[in-house]
Every structure is written in C-alpha cells, then in structure tokens.
Amino acid sequence: LKVDNSSGAGSRECVPCTQGMSCVGMNTVEILPGFAWDGDRLSTYRCSVDARHCPGGARGTCASGRHGIACSLCHEGKFPKRDGTCGEECDESVLQRISMAMAIIIALFVGYAVLDGASRAQ
C-alpha cells in the first residue's frame, strides 16, 4: 500500500497492510468482512458488536443504513434490523418487546392501584 510519507515532499512510500485489510496489489485495498475503515489511511476497526454491520469490501463500506466507527450507528430516522442493517421500520420483534414492556408496566400500576384501594377500604 502506498501512502504519503511524513516528509511532506509529495513522495510516497510502501507500507504493509494492517489487520482487517486485504492488499490485492497495485495500491488496491479491500476491507475484510467483520472490519470497518474509519476514513484514516491505515486504521481499521473490528466490528465486535455484530460483524454483520461490516460486510467488508471497499474502504468505508458499512451495512445498509449504517455509518460511524465500526459501522455502529444507524443513519438518522433508521432503526436497527435483525440482519445487521438499519431500515425505515422497526422489526416486529422490537415492537413486540416494547408492547410487552408497556403492558407489564400498566399491569403493575393497575395492580398497585387495586391493592392500595383495598388497603384504604379496610
């Protein structure tokens, strides 16, 4: 991989590819699946939360709808999907969990109100 050297004279030097990179020759670099490139010339990040966020390929490639260091963020207005991408709507499982949590909270409040009312009536 050829990069500008630190002398600033416009000369370039060859440096080895780092972890997560595949140097295929002729100054062509691809990022391996499970890694992401942060925009710096030689830095990659391992996608430790979910390797599906980082499909590999050209530098800067993240799963659909994702961006940021290690492709960890969804673009504004998008939601995490089970396949590692971010999309327009929440997966049903996420909506089901939210609905279940709300039902439990409401049941707890109703239960408390009933018990509190019964104890005051005595």
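Let's start with Glu-88 and Lys-78. Their side chains form a salt bridge, 2.7 Å from N to O. Keep in mind that this is a predicted model.

Where do Glu-88 and Lys-78 sit in the chain? Glu-88 is in the loop between β10 (86-87) and α1 (92-121). Lys-78 is in the loop between β8 (73-74) and β9 (79-80). So the pair links parts that lie ten residues apart in sequence.

Glu-88 is exposed, at 55% relative accessibility. Lys-78 is partly exposed, with a relative accessible area of 29%.

How many salt bridges does the count come to? Two. The other pair to look at is Arg-52 with Asp-50. Here the closest N and O atoms are 2.8 Å apart.

Is Asp-50 buried or exposed? Buried: its relative accessible area is 17%, and the cut-off for buried is under 20%. Arg-52 is partly exposed, at 45%.

As a general point, side chains of opposite charge can pair when their charged atoms come close.

Now a residue from another part of the model. Thr-44 belongs to strand β6, which covers residues 44-46. What does the side chain of Thr-44 reach at 2.5 Å? The backbone oxygen of Gln-19.

Definitions and conventions
Residues numbered from 1 in each chain as written. Predicted model: local features only at pLDDT ≥ 70, side-chain atom pairs only at ≥ 80, totals over all residues. Heavy atoms only, no water. Salt bridge = Lys/Arg side-chain N within 4 Å of Asp/Glu carboxyl O. Buried < 20%, exposed > 50% of the residue type's maximum accessible area, 1.4 Å probe, protein only. Helix = DSSP H or I, 4+ residues; strand = E, 2+ residues; numbered from the N terminus. Polar contact = N/O pair within 3.5 Å; in protein donor to acceptor, adjacent residues only side chain to side chain.
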